[in-house]
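Please keep the viewer open as you read.

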Amino acid sequence: MKPFPLSPLAFALAALTAVPSLAEERLETVSVIGDPGSISSLPGSAHLVDADELAEFEYVDINRILRSVPGVYLLEEDGYGLRPNIGIRGAQGGRSGKISLMEDGVLIAPAPYSAPEAYYFPSVGRLDAIEVLKGPTALLYGPFTVGGAVNMLSTPIPETPAGMVQLEAGEYGETRLHSYYGTSTENTGWLLETQQQHADGFRDIDRAGSADITKEDYLLKGRLRSDADATYRQQLDIKLQYSEEESGMSYLGLTDADLNDDPNRRYGISALDEMQNRHSTVQLNHSIQLGEGFTLHTQAYYNKFKRDWFKVSLGSLIDDANSDNETVADNAQAILDGQQDYFGFGIKHNNREYESKGIQVSADWLLDTGSVTHELTFGIRRHRDEVDRFQPVEIYSQIDGQLIYQYMNIPDTAGESGNNRVGEADATSFFIYDDIQLGDRLTLTAVLRYEDVETEEQRYNDAERFEKGSYRSNQVDEWLPGLGLVYQVSERWGLLAGVHRGFAPPGAGAKDGQGPELSTNYEWGARFDNGTLTAELIAFYSDYENAVQNCSVAVSCPDGAESGTFQLGEAEIKGLEAALGSEWVLANGWTLPVRATYTYTDAEVTEDQDSLCNGDPLCDVNPEELLLAGDNLVYLPENVFAVSAGLDSGAAWRLNLTAAYQDEMCVNTRCNRGGADHFDYTESLWVVDAAAHYDFSADLTGYLKVDNLFDEQVIISRSPEGARANRPRAATVGMKYIF
């Protein structure tokens, strides 16, 4: 059977969007980029974590998976990866708000344009593969093209009857069930899947026990496809997803002294903190082959996310307890320890409803112009999203170590309108991608994306929303070009180079005239593959005309703001990514696979900041708060390294080890000016994970995994409020039955 022509890029697009590609004889779905050769042919760096690699360690935490991907930075927070902070090539990682985060090719952040911080993240334990794209190829997906895109692929519908049941139990009360079953005929297919996850949590709350986590996730897929001999072969897929989470997560960390004494402690004043959320998705994919060399894909999607994060905000107490002023420090510490009464503090219902919907149409078109072959991919997306905040604050007092309710503060005045507002975004995107084959060895790729984003934010002065308060609106539009070049020097060696325009919209809180984040991004490097050894070395350089930070409580801006955006101005980010992989076959038939990745990053502001006042004549700012040329960017490690090794008997058992290192990071933009102390930094961390599998039969496998094998715990973050440590050593046993 001669396959329907599909370029490496179109292949990647099909995988990332989970839309079917068409073959001459029949219609089939491409679910992952399964061929490493296809990745190496892309005009930009890409990385695939496939199903086999995910199964090596049975991870359910996205942080532990992505730390082996070059060019990716992680800021851990809760120890379970519930709301990860992912950055790519210097793009700020707070709540993953500067990357195009997708599941099956659809933007999955709750409101990617109006409020891009990803407070929802798919259940990692049910994913089939994860893809990371950087360079010019990222322009295909958007809107965030400064760093790149992360796409998560859900379990595909099996072509024959197939199912799986996986059970786990581990330390800290952890249990997990993951199960699916599905089948296909020539014209139909379906899949039903669930993951159930529970943990008591590893942080012990003073006078209140532990912080439980419970998460339920359900997925249903269906498929209809035409006969193989239909004139216009086509396929329709539907995906329905629903999940719920209740987790006793808090923003309140620890003082340095308390973390050194017990890194898994949590103060009793945060005992009521809890996240509750619900997420649902409806996604329709349709593909039709309209002629030889032309295929049309259509996706429609609707995502809804509702959350209430009931949490205290007392970071000032942490700062006071860390103070050099002994009296201030002792008073604050007594409050945190529950030994001193504390009256009238707020615990806010961070209550938000998100809605995201859109339709995107794309086409693959193969054509020849003389001796030059063009593989075109082009498309358009109409998208709309909204975030609705109505956030009451409950007032409590701590008396004799217990939390006593006082009263409810409803946001019904102008001064509280920040807790009573609606932000919206309306976006139109267009892209065209031309993969031009110039001879047997040289491929030139030209890509152009257009983004037109209109945002607005309405605040209200009363609970009923009859009285409107302040109003903001903004509009940005940008043409984003890119060029990529791949030259195959030989069967083993390939060279790549690329340049593209980076873009990130400013969000619904932006004022009229506030521009987006813009950069010019370059990359160049070499790839090697001789069948047993693969290697890649890529340098990257990003020149930011206007770097923008999204302000949040999780990662506040340099001026202390916890909402809106902050203009960082001109900046430069440069670095180096390296990857190496091989597999040795030992004399006894055992195999020894090894993979290693390394990322070096140097990032700094390149222009002094004139003002923080935005024209306000009454504004009085300490000059030390202004950004200066040479200031660092926050939470960007200089060195990140990971190495994994395995030992496979070729029969019943196999063992895998991975070690990862991350440098200390600056927690503010001024820590490299001189005079900084240890409170301005996190700590560097080496962490080792291990997993052993044993096959009782072809269908039944048992395993033991140990995360953080040597129980190393350090300060991995000082955000949102206080120091926090990574997850301690945790052992888990599991069984997996495939039928």
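Where is the place of Pro720? Pro720 sits in the loop between β36 (715-717) and β37 (724-725); helices (H or I, at least four residues) and strands (E, at least two) are DSSP runs, numbered from the N terminus. Ser719 and Pro720 are joined by a cis peptide bond, with omega about 5 degrees. A cis peptide bond also joins Gly142 and Pro143, where omega is about 5 degrees, and Pro143 is in the loop between β8 and β9.

Residues are numbered from 1 along each chain as its sequence is written, and side-chain values use heavy atoms, with hydrogens and water left out.

The average pLDDT (the predictor's confidence in each residue, from 0 to 100) is 91 for the chain, and 91% of the residues score at least 70. Over residues 1-34 pLDDT stays under 50, and the model has 109 contacts beyond four places in sequence for this stretch; contact means heavy atoms within 4.5 Å. Where pLDDT is low, the predicted coordinates should not be read in detail.

## The disulfide

The count comes to 1 disulfide, a disulfide being a pair of cysteine sulfur atoms within 2.5 Å. Cys666 and Cys671 form this bond, with S to S at 1.8 Å. The torsion about their S-S bond is about 85 degrees, so the disulfide is right-handed. Both Cys666 and Cys671 are buried; buried means under 20% relative accessible area, exposed over 50%, and partly exposed in between (1.4 Å probe, protein chains only).

## Nonpolar cores and Leu74

A nonpolar core is a set of buried Ala, Val, Leu, Ile, Met, Phe, Trp, Tyr and Cys residues joined through side-chain atoms within 4.5 Å. The largest has 43 residues, of which Leu66, Val72, Ile86, Leu101 and Ile130 touch the most other members. Elements giving two or more residues to this core include α3 (51-57), α4 (62-66), β4 and β19 (294-312). Another core, of 24 residues, lies apart from it, with Leu42, Ala425, Tyr433 and Val453 among its members.

Leu74 belongs to strand β4 (residues 72-74) and is buried, with a relative accessible area of 10%. Beyond its neighbours within four places in sequence, Leu74 has contacts that include Leu66, Ile86, Gln662 and Met665.

## A buried lysine

Lys705, in strand β35 (residues 700-707), counts as buried at 4% relative accessibility. A polar atom of the Lys705 side chain lies 2.6 Å from the backbone oxygen of Glu58. Leaving aside neighbours within four places in sequence, the contacts of Lys705 include Phe57, Tyr59, Glu168 and Thr732.

In helix α7 (residues 326-336), the buried residues are Ala329, Ala332, Gln333, Ala334, Ile335 and Leu336. Their cover includes α6 (315-321), β20 (342-369) and β22 (393-399). Asn325 caps the N-terminal end of α7, with a side-chain oxygen 3.1 Å from the backbone nitrogen of Thr327. Just after the helix, Gly338 takes a positive phi of about 80 degrees.

Tyr635 is not a glycine, yet has a positive phi of about 50 degrees; Tyr635 is buried, at 9% relative accessible area. Asp711, also not a glycine, has a positive phi of about 55 degrees, and is partly exposed at 34%.

Terms used:
A polar contact is a pair of N or O atoms within 3.5 Å; within protein, one must be able to donate a hydrogen and the other to accept it, and residues adjacent in sequence count only if both atoms are side-chain atoms.
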